[in-house]
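Please look through the sequence and the structure shown below, and then follow this report on some of the contacts between side chains.

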Amino acid sequence: MPRDISSLYNGAFDLLIIGGGINGAAIANLAAGMGKRIALIEKNDFGSGTSSKSTKLIHGGIRYLEHGEFDLVFESLRERSIQLKSAPHLVKPLEFLIPIYEDDARPGWMLKLGVFLYDFLSFNHKIRPHRSLKIDEVLQLEPGLKKAGLKGGVIYYDAQMDDARLVLENILCARTQGAIVANYVESTGFVKENGKATGVKARDTLSGQTFFIKAKKIVCAVGPWTNELLTLEHPQARPRVRTTKGVHIVYEGQISRRALLIPSRQDNRVFFIIPWMGHSLIGTTDTDFSASPDSVKPSSEDIEYLLGESSRVFPDVNFERAKIITTFAGLRPLVWEEGHPSAISRKHLIFESFGGIVYLAGGKYTTYRVMALETLEKIFKQPLSRKMDYPLYGSGPIKEQAAEVAHSYGLSPAVVQSLMDRYGIRYRNVLDFIQKDSHLKESICDCGMEIKAQIVYALNVEMAQKAEDIIWRRLSLGYRKCPTGQCRRVIEEFVKNRNETGVV
């Protein structure tokens, strides 16, 4: 289904959401489920900002315990359980190892107490119990770790996710419930009557078309762009968000067998080394960033920090820049307060401007559903259910076996399983395109399992507008090494054909 731009300026909406990251997407999903007339606009692609620049974790935030934020951890662990049940194709349990060294800033007893409290706060939402490890047990699990000074370790559990597709599934779920959603539509100003906002001036960044969108209520869920929208509404508005930069590296090959949480020596914070798509995701940094959110990118210092800390705990790995597949940077939209970036709370704030516009600031990815619920309660002045149920676009049990489906479509079981893992119960919708054109069962490239039907599905159903939308957020191919560049060439050809003919 293409973007329906004309529906944005025909009639008034109960709620207009500015921002198509995870928070805006969840607000749209829940509000549409309430039967409200909803519109959502995003100036780039859905999830293209901070929401796809995360460490790809749905987690309670074990490090928040040392700041005494037990309520945030408790809430996050509850939400982790809901996401594991709601989207098992996108959110999967993940085992973490914390190696303990004798000269760590956090002593072993503190880390062991931390994982004990983490499990305690999980109550019946625990994935698996934590456990302590002796030196030989740690090295048996991860033989490449530095041996000098190793005193043991602890194992605990959290979850790994596909962040961009979680955003997309919320967007698609909202659309099936009647919401009008459009990427590449930018808000350029607010329309007010008697001092109160009644709509926005908008521009389709692809066509250049400008128009107005009328709405009874407006919510800005724009993360790092919060201060910019506040200034757009009122030039003298004070900043409400403090942005800190988080940089990640995707490094060629799997450095570790499991996910590792490692205390940094340079600044006493923690970073992760996590298996990701056959390679290693290393991150993240946490430094203040005051420039425009549109200009954020990894610096040479950020990359050296992550490579240096990784090499300290894996001394036999020859870390070199040539083996970096990609890097990415995102901004945490933290509620404004003084102090070291890593010590600032990840709690959220919902506030209303003089013009009646509601802003959602702060928070963490894992608690996006709670933030959306609280935002809607503030907007519509009614309590909403906190039930442990949050179905998404691909939610539901898959009863078929990959092998039997593969046989009927002439595909390999591995390809079908990869479709199930990415689309959940909607995998059949992708296969429907093969029935119309058998050529679409062909692989995009030898470097992966993806097939051409997924490109057509991204363009026709998932509102992808550009090749980058598919490469990075629909299929996550940018995180994988493609030696020949064929993935990009094939996708660009499909997008070009769609743009020239209107069909693919």
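Arginine 106 counts as buried, because its relative accessibility is 11%, and buried here means under 20% relative accessible area. In this predicted model, arginine 106 forms a salt bridge with glutamate 66, with the closest N and O atoms 3.0 Å apart. The pair links distant parts of the chain, for glutamate 66 sits in the loop between strand 3 (57-58) and helix 2 (70-86), while arginine 106 sits in the loop between strand 4 (91-101) and helix 3 (108-122), 40 residues apart. Glutamate 66 is partly exposed, with a relative accessible area of 44%.

A second salt bridge joins the side chains of glutamate 252 and lysine 481. Glutamate 252 lies in the loop between strand 11 and strand 12 (259-263) and lysine 481 in the loop between helix 13 and helix 14, so this pair ties together parts that are 229 residues apart in sequence. Glutamate 252 is partly exposed, with a relative accessible area of 31%, and lysine 481 is partly exposed as well, with a relative accessible area of 41%.

Another salt bridge is formed by arginine 422 and glutamate 450. Arginine 422 belongs to helix 10 and glutamate 450 to the loop between helix 11 and helix 12, so that distant parts of the chain, 28 residues apart, are linked by the pair. Arginine 422 and glutamate 450 are both buried.

| Salt bridge | N to O distance |
|---|---|
| Glutamate 66 and arginine 106 | 3.0 Å |
| Glutamate 252 and lysine 481 | 3.1 Å |
| Arginine 422 and glutamate 450 | 3.5 Å |

In the whole structure, a search finds 37 salt bridges, and a network of salt bridges links Asp45, Asp469, Arg473 and Arg474.

Phenylalanine 328 and tyrosine 479 have ring centres 5.8 Å apart and ring planes at 75°, so the pair is edge-to-face. Phenylalanine 328 lies in strand 16 (residues 324-335) and tyrosine 479 in the loop between helix 13 and helix 14, which places the two partners 151 residues apart. Both phenylalanine 328 and tyrosine 479 are buried.

The rings of phenylalanine 433 and tyrosine 457 are also edge-to-face, because their planes stand at 75°, with the centres 6.3 Å apart. This pair links helix 11, which holds phenylalanine 433, to helix 12, which holds tyrosine 457. Elsewhere, ring pairs join Phe96, Tyr118, Tyr156 and Phe272 into a cluster.

How many of the nine residues of helix 12 are buried? Eight of them are, so helix 12 (residues 452-460) is largely enclosed by the rest of the structure. Its buried residues, among them Tyr457, pack against helix 10 (413-423), helix 11 (427-436), helix 13 (467-474) and helix 14 (486-501).

Threonine 244, in strand 11 (residues 241-251), counts as buried because its relative accessibility is 0%. The side chain of threonine 244 makes a polar contact with the side chain of aspartate 286, at 2.9 Å. Apart from neighbours within four places in sequence, the residues in contact with threonine 244 include Gly330, Leu331 and Pro341.

Finally, some charged side chains lie over ring faces. Lysine 146 lies over the face of tyrosine 101, 4.9 Å from the ring centre, and arginine 240 lies over the face of phenylalanine 351, 4.1 Å from the ring centre.

How values were computed
Residues numbered from 1 in each chain as written. Predicted model: local features only at pLDDT ≥ 70, side-chain atom pairs only at ≥ 80, totals over all residues. Heavy atoms only, no water. Buried < 20%, exposed > 50% of the residue type's maximum accessible area, 1.4 Å probe, protein only. Helix = DSSP H or I, 4+ residues; strand = E, 2+ residues; numbered from the N terminus. Contact = heavy atoms within 4.5 Å. Polar contact = N/O pair within 3.5 Å; in protein donor to acceptor, adjacent residues only side chain to side chain. Salt bridge = Lys/Arg side-chain N within 4 Å of Asp/Glu carboxyl O. Phe/Tyr/Trp six-rings, centres within 6.5 Å; stacked < 30°, edge-to-face > 60°. Lys NZ or Arg CZ within 6 Å of the ring centre and 35° of its normal.
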